[in-house]
Amino acid sequence: MDKLIEIGFDEKEIQSMMELNPYVIEENDIAILIDILSILNCNQEEIKNIVITNPLYLSRDKEDIVSLINKFISLGVRTFNILFDSNPYLLNLDVNDIDDFINNHHYSLSEALDVIESNPFCFDEM
């Protein structure tokens with residue numbers, strides 16, 4: 001939890017996240033997940049919002065997150081900080097979820113990107 005404290009989380013926020021997600025992974029993996037958000041140009045405020053809103057992110061496998069990000073890159077996403085800050089739950093998706101979304105709606109890649117960026121709840125509608 002040191003990494004969370006380092007970026008400004010207080011004990012109450014950490015406790016609340018732990019209650020919502022008892023499967024939080026090891027400290028080293030948390031640091032990697034936070035660093036991934038930093039690499040994607042998320043500032044500390046955005047990271048805090050993402051993790052508080054979606055504490056399930058702290059139990060994700062880093063390889064799955066990297067695959068997800070690569071999928072978003074293939075769609076043309078360039079502003080990950082805005083995308084994930086506006087919809088932190090996108091970080092719960094797997095590559096297959098995105099593929100299913102595109103295929104079920106018969107979207108082109110550019111259409112899928114437009115929908116994902118403009119409608120943060122588009123995956124809830126599946």
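This is a guided tour of one predicted model, with a list of selections and what each one shows.

**Before starting**

Residues are numbered from 1 along each chain as its sequence is written, and side-chain values use heavy atoms, with hydrogens and water left out. Because the model is predicted, local features need pLDDT of at least 70 and side-chain atom pairs count only at pLDDT 80 or more, while totals for chains, interfaces and linings use all residues. Helices (H or I, at least four residues) and strands (E, at least two) are DSSP runs, numbered from the N terminus.

**Stop 1: α3 and α5**

Select residues 27-39, which form helix α3, and then residues 62-75, which form α5. Two packed helices are described by the angle between their axes and the distance between the axes. Axes are lines fitted to C-alpha atoms, for helices over the stretch in contact, and angles run from 0 to 180 degrees between N-to-C directions. The axes of α3 and α5 come within 10 Å and cross at roughly 15°. That angle makes α3 roughly parallel to α5; angles under 35 degrees count as roughly parallel, over 145 as roughly antiparallel, 65 to 115 as roughly perpendicular and the rest as oblique.

Now show the side chains. On the α3 side, Asp29, Ile32, Leu33 and Ile36 meet Lys62, Ile65, Val66 and Ile69 of α5, where contact means heavy atoms within 4.5 Å. By class, this contact of α3 with α5 has six nonpolar, no polar and two charged residues. For these classes, Ala, Val, Leu, Ile, Met, Phe, Trp, Tyr, Cys and Pro count as nonpolar, Asp, Glu, Lys and Arg as charged, and the others, Gly among them, as polar.

**Stop 2: α5 and α7**

Ser67, Leu68, Lys71, Phe72 and Leu75 in α5 meet Val95, Ile98, Asp99 and Ile102 in α7. The residues of the contact of α5 with α7 divide into six nonpolar, one polar and two charged.

Buried means under 20% relative accessible area, exposed over 50%, and partly exposed in between (1.4 Å probe, protein chains only). Leaving aside residues up to four places away in sequence, Lys71 touches Val95, Ile98 and Asp99.

Next select Asp64, also found in helix α5. Asp64 is partly exposed, with a relative accessible area of 35%. Asp64 and Val95 are 31 residues apart in sequence and 8.1 Å apart in space, C-alpha to C-alpha.

**Stop 3: aromatic rings**

A pair of aromatic rings is described by the distance of the centres and the angle of the planes. Rings of Phe, Tyr and Trp (its six-membered ring) pair if their centres lie within 6.5 Å; planes under 30 degrees apart count as stacked, over 60 as edge-to-face and the rest as tilted. By this rule the count comes to four aromatic pairs.

Select Phe72 and Phe84, an edge-to-face pair with 5.9 Å centre to centre and 70° between the planes. Phe72 lies in helix α5 and Phe84 in helix α6 (residues 80-86), so the pair ties together parts that are twelve residues apart in sequence. Phe72 is buried, and so is Phe84.

Then select Phe101 and Tyr107, whose ring centres are 5.4 Å apart with planes at 50°, so the pair is tilted. At 1% relative accessibility, Phe101 counts as buried, whereas Tyr107 is partly exposed at 25%.

**Stop 4: loops**

Select Leu56, in the loop between α4 (44-53) and α5. Leu56 is partly exposed, with a relative accessible area of 42%. Not counting residues up to four places away in sequence, Leu56 touches Leu20, Asn21 and Asn92.

Finish with two backbone positions. Most residues other than glycine have a negative phi, and most peptide bonds are trans. Asn41, in the loop between α3 and α4, has a positive phi of about 70° although it is not a glycine. Asn41 is exposed, with a relative accessible area of 58%. His106 lies in the loop between α7 and α8 (109-118) and has a positive phi of about 55°, although it is not a glycine. At 69% relative accessibility, His106 counts as exposed.
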